[in-house]
Each structure stands twice: as C-alpha cells, then as structure tokens.
Amino acid sequence: MDVDVSGEFLHGECEDTDSGIERSRVSVEEDAWEEYGCILWDLAASKTHAELMVENLILEVLLANLFACKSECVTEISIGIIGNLACHEVPMKHVISTKGLIEIIVNKLFMDDPLCLCETCRLLTVGLQSGESVAWAEVLQSEHILCQILWIAENTLNLQLLEKSIGLILAILESQQKVVDALLPPMMELGLANILISLLSFEISKLMTQRIPERYSILDLILRAIEALSVMDEHSQEICSSTELFQLICDLVKFQDKVEVGNCCVTASVLIANMLSDVADYASKISHDFNLLGGLLDTFPFASDDVEARNALWNVIARILVRIRETEMSPSSLYHYVSVLVRKLDLIEDELFNQQVESGHDQESLFSSGSAANARNTSLRRIISILNQWTATRQNTENNGNAEVPVSETDVKRLLDCCHKFSE
C-alpha cells in the first residue's frame, strides 16, 4: 500500500540524520507500519486471508522485520500477526518451515517490553497446542529459555503478561506426552512446583482482600496447572506433599462468595481429591472442618456440567464424613455438622436429582459407575447416620442451649428422606 505521508524530508531533502526531522520520519514510518500491520493482524484471524498472506511471503517479510527492527511496537505487531497465522493448520506449517523464524520468536522472550512478551507467550502457547508442538518444544528445551519463562511468570507485575506466561506453562503441561517428557523435568528442577504454589498463595491473598476481577482468570490458570501436575506420576508427589498447598486450596473452597470464582473452587476441589488419594493423612486434618464441608457442597452448582469434578466432590465429602464419630461427639459439635447439612439441603437435592436425570439419559454415566456411586452412597449413608444421631439427642442439645439457631425438624426429615431415596 502507498502510505501518504506529507513532509519534504521523505523526498531526500533532509540529510541531518540526528535532527528532529529524521526522528519524525521514523515516527511517521512506525505509525504507518502500526496502522497497516494492525490491519494484517486482524485479517490473519481468517483462515482464507491467512493462507493468502503466507502464499504472498508475509512470513519472510515479518522474519526480516524481527531481525532488523528495533521498534517494540513493530515487533509486537509482527509477532501478533504470526500468532494469528499460527492458529490455522496450513499457515502453521509455513511458520515451522520458515528457516530461523521460530528460533527468533523464542529469543523475543528476553525482551523487556511486556506487550511483546505477551504476544510471544501467546504464539508459543498456540504452537504447543497445535499438531506441530514437538517442533516448538525443540526450540524451547534449552535451560536458559525455560528459566526465562519461569522468571517472567514469577516476577512480572503486568497482569496480562502474568496470565499469558502461566497459560504458556499450562500449555506445556497439557501438550502431547513427547513435549511433556522433554520440557517438564528441567522445569521441575528449576522450581516450577514452588513457583506455582507461591503464585497461588499470592492470588488467594489478593482474592481474600481486594477482589480484583482481572485476577480471577490468573487464579484459574494457576490452579489448572497445579492440578495437571498432581496427576502426573513422576511429579505428583512434589505437589501432593505440600501442606501449604493443601491449606491454600481448602481456604479457597471455604471462600463464601463463589459466584465469580466458581470454576476455581471446582478445580481446587478436584485437587483436594487428588491430594487425598496420595496423602491419606490429610483426611484426618479436615474431618472436623465443617466449614470445608459446607464449601464443598456450595461448589456443586459450579460443577454441574463436569461429571468428573462432581465425582471428586463426592469423594472428598465421603472422606470427611466417614471420619465423623457422631456417637462420640459433643452435642455442640454435632449441631454444627447438622446445621451445615440442613442449610445445604437444596444443593444436595439438586445435585442428586441432576445425577438421576443424567443416568436416565446415559447408561455409562458416572452416576452408575462403581467408584462414583460408592463415594456418593457412602456420603449419603453417613449423612443419614449423623441426622439420626442428631434426632436422638436433639432435646438434650436444646436444653443445653447449644443450638443458637434451631435446626428445622422439617428440613431434617426432608434431608433424611432424600438421602434414603438416593442411597442404595
């Protein structure tokens, strides 16, 4: 495209390269690059346009710019265009086959500009999620590059860059096995687990005090990355043995205002289930935490479309309830558990009815599978036992003044009937 830029300096009449006029020329050229580059950036999101662009050698042009240009704005736009091109299969193959291109893109991780770093992390994430992930992993496996990725995630104060860098780490963890085998061991040696736990601690502290919506997606990505590590045989122990992590995710599940962080609480609940499977001692530590029990029940609505997550929730609830000794418990303690269960009556009913509907439509659903049904039925039987014990001792509890807020006898009966109906 012809760029209409007015000014005599564009026609060779100015020879003073150190003058403000020369700097103005550079500025005007950058403005033009930005304007038309952003148009190409948007067009690259279309598969048809993207394929036309690579056929017309745009990757060669962008490679030359990345080599020679010192402008952070031009670099950001160039990487952004490549990032959109890489979202399509054919252009991605061109990206991989363009000699030196992915190497120079990886080297942009060492820039100081957060916008360039954001686009670089986004492009690398797209690459690792594509069918060409092995080729991208090969240029990332150098220790100093992996160290830089972790350094960015651990130290950046830019929320967008923090989200993109953690997204890149998650893409590595969720990539094909060959990529994980190549990149994860050195990242673990560089302290990936501790970095993720530290980031989680910071985000939860922010959640408890400031409620910044822009940070919720970051919290979700961190939890997903930790959850992914918790199910990897060779690396799960380092995650699951962290008492700090276990306390953090329990605190998150107990967080009362779940509306905006419901997905995070679901992931945290799955992570609790994974950690309980690896470290049995955790179960005894949470068996007396009725606030955690309430938090787990509050999480069911946010897991309505995730059968595996609901199964994990029942698993954790069962592990808590089987350790409650209601016949040996003081009336006051028993009251706390019963009041939690009765307050969550509607949630329990909805969850059980939803699973019944799903099992009616899908005979292979987890509702009828052994492990899921066992955890659910164990929970329901334990609730029945606790409520029966409460009914037997209710008069004494009321006489002792422990029931500050009376538990509805009607609700207790309703919950008992519900548990009987759905337990086998």
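Student: How many nonpolar, polar and charged residues are in the lining of the second largest cavity?
Tutor: In this predicted model, a cavity is a set of points, on a 1 Å grid over the protein atoms alone, where a 1.4 Å probe fits but cannot get out, and its lining residues have an atom within 4 Å of a point. The residues that line the second largest cavity are Glu203, Lys206, Leu207, Ile212, Arg215, Tyr216 and Leu219. Ala, Val, Leu, Ile, Met, Phe, Trp, Tyr, Cys and Pro count as nonpolar, Asp, Glu, Lys and Arg as charged, and the others, Gly among them, as polar. On that scheme the lining holds four nonpolar, no polar and three charged residues.

Student: Which helix gives the most to the lining of the second largest cavity?
Tutor: Helices here are DSSP runs (H or I, at least four residues), numbered from the N terminus, as are strands (E, at least two). Both α12 (192–209) and α13 (216–230) supply at least two residues of this lining. The greatest share, three residues, comes from α12.

Student: What is the mean pLDDT of the protein chain?
Tutor: Residues are numbered from 1 along each chain as its sequence is written, and side-chain values use heavy atoms, with hydrogens and water left out. In this predicted model, local features need pLDDT of at least 70 and side-chain atom pairs count only at pLDDT 80 or more, whereas totals for chains, interfaces and linings use all residues. The pLDDT is the predictor's confidence in each residue, from 0 to 100. In the protein chain 87% of the residues reach 70 or more, and the mean is 87.

Student: Which residues are closest to the centre of the largest pocket?
Tutor: A pocket, unlike a cavity, is an open set of grid points with protein on both sides within 12 Å along at least five of seven lines. The largest pocket has a volume of about 290 Å³, where grid points are joined across faces, edges and corners and the volume is the space filled by probe spheres set on the points. Its lining draws two or more residues from each of α16 and α19 (307–321), and divides into five nonpolar, five polar and three charged residues. Of the 13 lining residues, the closest to the centre are Val270, Asn274, Glu308, Ala309 and Ala312.

Student: Are the rings of Phe246 and Tyr282 stacked or edge-to-face?
Tutor: Rings of Phe, Tyr and Trp (its six-membered ring) pair if their centres lie within 6.5 Å, and planes under 30 degrees apart count as stacked, over 60 as edge-to-face and the rest as tilted. A search of the whole structure finds five aromatic pairs. With centres 4.1 Å apart and planes at 5°, the rings of Phe246 and Tyr282 are stacked.

Student: How many residues apart are Tyr335 and Trp390?
Tutor: Tyr335 and Trp390 form a tilted aromatic pair, at 6.0 Å centre to centre and 45° between the planes. Tyr335 lies in helix α20 (residues 331–343) and Trp390 in helix α22 (residues 370–399), and the pair links distant parts of the chain, 55 residues apart.

Student: Is Ser269 buried or exposed?
Tutor: Ser269 lies in helix α16 (residues 262–278). Leaving aside neighbours within four places in sequence, Ser269 is in contact (heavy atoms within 4.5 Å) with Val253, Leu296, Thr299, Leu313 and Val316. Buried means under 20% relative accessible area, exposed over 50% and partly exposed in between, with a 1.4 Å probe and protein chains only. At 0% relative accessibility, Ser269 counts as buried.

Student: How far apart are the C-alpha atoms of Ser287 and Arg325?
Tutor: Ser287 sits in the loop between α17 and α18 (290–299), where it is buried with a relative accessible area of 3%. Not counting residues up to four places away in sequence, Ser287 touches Ile320, Arg323, Ile324 and Tyr337. Ser287 and Arg325 are 38 residues apart along the chain, and their C-alpha atoms are separated by 9.9 Å.

Student: Which helices do the buried residues of α8 pack against?
Tutor: Six of the eight residues of helix α8 (residues 133–140) are buried, so this helix is largely enclosed by the rest of the structure. Those buried residues are Ser133, Ala135, Trp136, Ala137, Val139 and Leu140. They pack against α5 (89–97), α6 (101–107), α7 (114–128), α9 (143–155) and α11 (177–189).
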